[in-house]
Amino acid sequence: MDGKEQNRPGELRDLKTPLFSLRGVSKRFCSVTAVDILKKVDFDIYEGESVAVVGASGTGKSTFLNILGTLDFPDEGELLFRGSNILGMEADRLSSFRNKNIGFVFQFHHLLRGFTAMENVSLPCRIRKMSRKNSIAASQSILEKVGMGHRLHHRAEDLSGGEQQRVALARALVLKPDILLADEPTGNLDIKNSLQVHSLLAGLNRELGMTLMVVTHNIELAGMMDRKVTIKEYRVVDASIDVMGIKP
Ligand SMILES: Nc1ncnc2c1ncn2[C@@H]1O[C@H](COP(=O)(O)OP(=O)(O)O)[C@@H](O)[C@H]1O
Ligand SMILES: [Mg+2]
């Protein structure tokens, strides 16, 4: 049975307009020397899609993800959200756009020490000015979904690495973002915990239709995504060639 087709509300999705698009995006870092990362990149990701970004270290995967997530900015080009350019927004509006529409997970969990799982997950809700009651209800519900319902009041530092990453995932998802961007989310986990996070991510995409873009070196995780892309000669291309041993 293909849960993906069955569970996604396909008829409600706008299949013509991409959720996010990069148009003519170029990015160069200038430190000691100028380093070109992206040149005139066009890229689309549609609602409900899952994309793995694969390839060698230093090729610009994180930069690409950060530009799509508005954490970094291109030198030229446009970033469209449902067809509208969002790069012209003022800083405050862009922060609130990010808070509302984009969830991030990184290799390191970045949870606040001294705060409980529930408090960490509630933080985006409080920034959004949700009531305390609604924040708690949303946080508890998503923590239960990622299998952390039994650790709501544990402090971040008292959780295992895998548990911390699941709390970070819950924090990224608590406001029901349109897209989840994950940068090597299991790069710091052992095999058992990686597998748990992989199946959570794949389940979110299949069962909830969560749009997902994941930078990963993990062959198994990349294999769970609808398509794989890589950065080659400053362009984002289909990883149809064998990249780092990952075959399409
Ligand atoms: N802020 C920065 N200033 C200068 N160079 C940077 C900066 N961020 C990344 N780079 C360089 O850009 C290249 C791509 O980085 P990154 O996007 O992190 O690659 P990846 O995620 O594929 O490992 C690397 O060579 C890195 O050293
Ligand atoms: Mg990186």
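Ser-122 counts as buried because its relative accessibility is 9%, where buried means under 20% relative accessible area, exposed over 50% and partly exposed in between, with a 1.4 Å probe and protein chains only. This residue is found in helix α4 (residues 117-127), helices being DSSP runs of H or I with at least four residues, numbered from the N terminus. Apart from neighbours within four places in sequence, Ser-122 is in contact with Ser-135 and Ser-139, contact meaning heavy atoms within 4.5 Å.

The model is predicted, so that local features need pLDDT of at least 70 and side-chain atom pairs count only at pLDDT 80 or more, while totals for chains, interfaces and linings use all residues. Residues are numbered from 1 along each chain as its sequence is written, chains are lettered from A and ligands numbered from 1 in the order in which they are written, and side-chain values use heavy atoms, with hydrogens and water left out.

Turning to ligand 1, the residues around it include Phe-29, Ser-31 and Ile-37, as well as Lys-61 and Ser-62, a residue being near a molecule if one of its heavy atoms lies within 4 Å of it. By class, this shell has 3 nonpolar, 7 polar and 1 charged residues, with Gly counted among the polar ones. Helix α2 (residues 61-68) supplies the largest share of the shell, 3 residues.

An oxygen atom of ligand 1 lies 2.5 Å from an N or O atom in the side chain of Thr-63, and a backbone N or O atom of Gly-58 is 2.7 Å from an oxygen atom of the ligand.

Methods:
A polar contact is a pair of N or O atoms within 3.5 Å; within protein, one must be able to donate a hydrogen and the other to accept it, and residues adjacent in sequence count only if both atoms are side-chain atoms. Helices (H or I, at least four residues) and strands (E, at least two) are DSSP runs, numbered from the N terminus.
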